Amino acid sequence: MTSDSALADALSTGPVVLDGGMSNQLESAGHDLSDALWSARLLAERPEAIVEAHLAYYEAGADVAITSSYQATFEGFARRGIPHDRAAELLGLSVGLAREAAGRAHAKGVARPLWVAASVGPYGAMLADGSEYRGRYGLSVAELERFHRPRLEVLAAAAPDALALETVPDTDEARALLRGVRGLGVPAWLSYSVAGDRTRAGQPLEEAFALAAEADEVVAVGVNCCVPEDVDAAVATAARVTGKPVVVYPNSGEAWDARARAWTGGSTFTAAQVGGWERAGARLIGGCCRVGPEAIAGITAALRAA
């Protein structure tokens, strides 16, 4: 198993490739994710499908697999009648399944180090109503920290290489997550969902990124689950404000209709974009929703060529 510090160390030597969207990979394999638990449902029902999805990304060139725990919460599982202890097992299993995929990839000849980042989605993901794209849930920072901390503790205990604090829509939730990771002993990255030069809740990105500048636990700061066109400015701002490596993994460019639970529009994501992101300071580069293994292979090839 790769040590917890190895991923952070790798960021100082060159770009590290993240995987793509878990949901689109599972859907392409024929799995129905129309449930409120989204891909987290398969932790209990089809764990092998999650291993196969991770493996596809490792084989495509990803160095890091992000676990299927984005929408896995104690509250969400409880609504499905899954008790607390079993929910904790499923959260830990999400890390174990990614580790299993890394082991299979190594057995099939992949020789490079492979890492696992445990996904920690925002409070709005648990609500499953699209509010993770708005933020401002009417909860205090302390209330949000109380929601996140138990899940963070369970995921950290499963020994991922990093915690992916991802798709964060506003600064209140970022503050809660930064408090929540203190003392866990696992490095983290903080990644906002943005629209233009602001968080989804409307705060300037300079303000949002600055929250992580002095957080020792945070090894990278950036954006995800946004359109590719919003990445360039965000990378430059994150690098300038924090001095930390930048993480970027945008969507394909299609738009999510939360009411219809469907994607609309066309893809604008291309591997040709990643060279500019790297030059601006991005060190963790991948894709989010609707970005599959083929696109990750393209990112890998582009970064190696550069």
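Tutor: Buried means under 20% relative accessible area, exposed means over 50%, and partly exposed is in between. The model is a predicted one.

Student: Ok, then is Arg-41 buried or exposed?

Tutor: Arg-41 has 15% relative accessibility, which is under the 20% cut-off, so Arg-41 counts as buried.

Student: Which side chain does Arg-41 meet in a salt bridge?

Tutor: That of Glu-45, at 2.6 Å from N to O. Glu-45 is partly exposed, because its relative accessibility is 44%.

Student: How many residues apart are Arg-41 and Glu-45?

Tutor: They are 4 residues apart in helix 3 (residues 41-45), so about one helical turn separates them.

Student: How many salt bridges does the count come to?

Tutor: The count comes to 13 salt bridges.

Student: What does Arg-86 form a salt bridge with?

Tutor: Arg-86 pairs with Glu-89, and their closest N and O atoms are 3.1 Å apart. Both residues lie in helix 6 (residues 84-107), 3 residues apart, or about one turn of the helix. Arg-86 is partly exposed at 34% relative accessible area, and Glu-89 also counts as partly exposed, at 48%.

Student: Which residues are linked in a network of salt bridges?

Tutor: Glu-48, Glu-100 and Arg-104 are linked that way.

Student: Switching to packing. At what angle do the axes of helix 8 and helix 9 cross?

Tutor: The axes of helix 8 (residues 141-157) and helix 9 (residues 171-180) cross at roughly 45° and come within 8 Å. Helix 8 is therefore oblique to helix 9. The crossing is right-handed.

Student: Which residues meet there?

Tutor: From helix 8, the contact involves Val-141, Ala-142, Leu-144, Glu-145, His-148, Arg-149 and Leu-152. In helix 9 they meet Asp-172, Glu-173, Arg-175, Ala-176, Leu-177, Arg-179 and Gly-180. By class, that contact has 6 nonpolar, 2 polar and 6 charged residues.

Student: What about Arg-175, which residue does it form a salt bridge with?

Tutor: Arg-175 forms a salt bridge with Asp-172, with 3.7 Å between the closest N and O atoms. The two are 3 residues apart in helix 9, so the separation is about one helical turn.

Student: And what is the relative accessibility of Arg-175?

Tutor: Arg-175 is at 32%, so it counts as partly exposed. Asp-172 counts as partly exposed too, at 22%.

Terms used:
Residues numbered from 1 in each chain as written. Predicted model: local features only at pLDDT ≥ 70, side-chain atom pairs only at ≥ 80, totals over all residues. Heavy atoms only, no water. Axes fitted to C-alpha atoms, helices over the stretch in contact; angles between N-to-C directions. Parallel < 35°, antiparallel > 145°, perpendicular 65-115°, else oblique. Left-handed = near helix turned anticlockwise from the far one by under 90°. Contact = heavy atoms within 4.5 Å. Nonpolar A, V, L, I, M, F, W, Y, C, P; charged D, E, K, R; others polar. Salt bridge = Lys/Arg side-chain N within 4 Å of Asp/Glu carboxyl O. Buried < 20%, exposed > 50% of the residue type's maximum accessible area, 1.4 Å probe, protein only.
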